Amino acid sequence: MAKTKSKTKAENQTQMVKIYIMGSMYEVPSSLTIMKAIEYAGFKLTRGSGCRAGFCGACATVYRKEGDFRIYTALACQTQVEEGMYLTQMPFVPANKAKYDIDTLDPIASTILRYYPEVARCLSCNACSRVCPQEIQVMDYVQHCLHGEIDKAAAVSFDCVQCGLCAIRCPAEIPQYHVATLVRRLHGKYNMKPPETLEKRVREIEDGVFEEGFKELMSLPEDKLRHKYYHERDFVDQKKA
Ligand code: FES
């Protein structure tokens with residue numbers, strides 16, 4: 001994160017709070033999210049920011065509050081600032097990510113253990129669940145994996161946004177968020193009925209139904225794509241269509 005400009009004056013009626021960003025104090029409007037407050041303070045986020053809507057998990061944040069011994073975690077784009085927050089943005093969390101061919105696997109516990117043997121080292125300390133900004137019961141889905149309950153593991157981990165905070169806190173060094181991806185893939189591939197509409201659309205794509213349209217889109221200059229085909233497009237009300 002690079003500092004690019006000094007902060008602007010807040011309007012008189014705006015309630016301000018003091019927060020600390022990488023050790024320096026800033027006054028920011030209390031209505032802002034952590035992400036917006038960091039930008040308000042003059043920093044440009046070149047990492048740790050993606051969708052800004054709570055989906056991509058890029059904005060994992062760790063903070064303490066004045067006079068409080070706990071370490072808190074949050075998604076910066078979804079969490080409002082509070083007086084006395086000491087903030088730092090997390091870098092990307094490197095973690096072991098297995099490579100596999102999902103078409104050749106079985107949806108059973110030994111598949112998980114083959115690619116992520118560290119799952120067997122789970123201490124059941126629940127540090128992963130306590131740190132999850134999505135309030136997912138991470139330890140529970142790790143235990144479901146160990147028992148081969150792929151459907152339960154997939155359901156419990158469904159809201160994971162891959163921020164990686166669980167893996168940072170785990171004393172057994174389990175990359176829970178990558179394990180969760182594997183169980184959801186196994187569940188989707190082997191336990192769920194393929195949706196008919198998706199199969200139909202894939203068949204249409206393979207049969208070349210959209211080939212002409214794709215070619216036209218690929219040949220267009222960016223400004224035409226942006227304006228004519230995006231900003232000025234007709235919005236179809238799916239319920240009425
Ligand atoms: S920026 Fe994507 S979850 Fe916050």
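**Helix packing and domain arrangement**

In α4, the residues V138, Y141, V142 and C145 meet Q176, V179, A180 and V183 of α7. Sorted by class, this contact of α4 with α7 comprises seven nonpolar residues and one polar residue, with no charged residues. The structure described here is a predicted model.

The geometry of this helix pair was also examined. Helix α4 spans residues 138-146 and helix α7 spans residues 176-191; their axes come within 11 Å and cross at roughly 50°. Angles under 35 degrees count as roughly parallel, and those from 65 to 115 as roughly perpendicular. The helices α4 and α7 are therefore oblique to each other. The crossing in which α4 passes α7 is left-handed.

At the level of the whole protein chain, three parts are assigned: domain 1 covers residues 2-89, domain 2 covers 102-191 and domain 3 covers 196-231. The centres of domain 1 and domain 2, taken over C-alpha atoms, are separated by 30 Å. Contact between these two domains involves seven residues of domain 1 and seven residues of domain 2. On the side of domain 1 that touches domain 2, the most is given by strand β6 (residues 72-75), which supplies three residues. The class composition of that side of domain 1 is five nonpolar and two polar residues, and no charged residues.

How values were computed
Residues are numbered from 1 along each chain as its sequence is written. This is a predicted model: local features need pLDDT of at least 70, side-chain atom pairs count only at pLDDT 80 or more; totals for chains, interfaces and linings use all residues. Domain bounds come from an automatic or database domain assignment. Helices (H or I, at least four residues) and strands (E, at least two) are DSSP runs, numbered from the N terminus. Ala, Val, Leu, Ile, Met, Phe, Trp, Tyr, Cys and Pro count as nonpolar, Asp, Glu, Lys and Arg as charged, and the others, Gly among them, as polar. Axes are lines fitted to C-alpha atoms, for helices over the stretch in contact, and angles run from 0 to 180 degrees between N-to-C directions. Angles under 35 degrees count as roughly parallel, over 145 as roughly antiparallel, 65 to 115 as roughly perpendicular and the rest as oblique. A crossing is left-handed if the near helix is turned anticlockwise from the far one by less than a right angle, and right-handed if clockwise.
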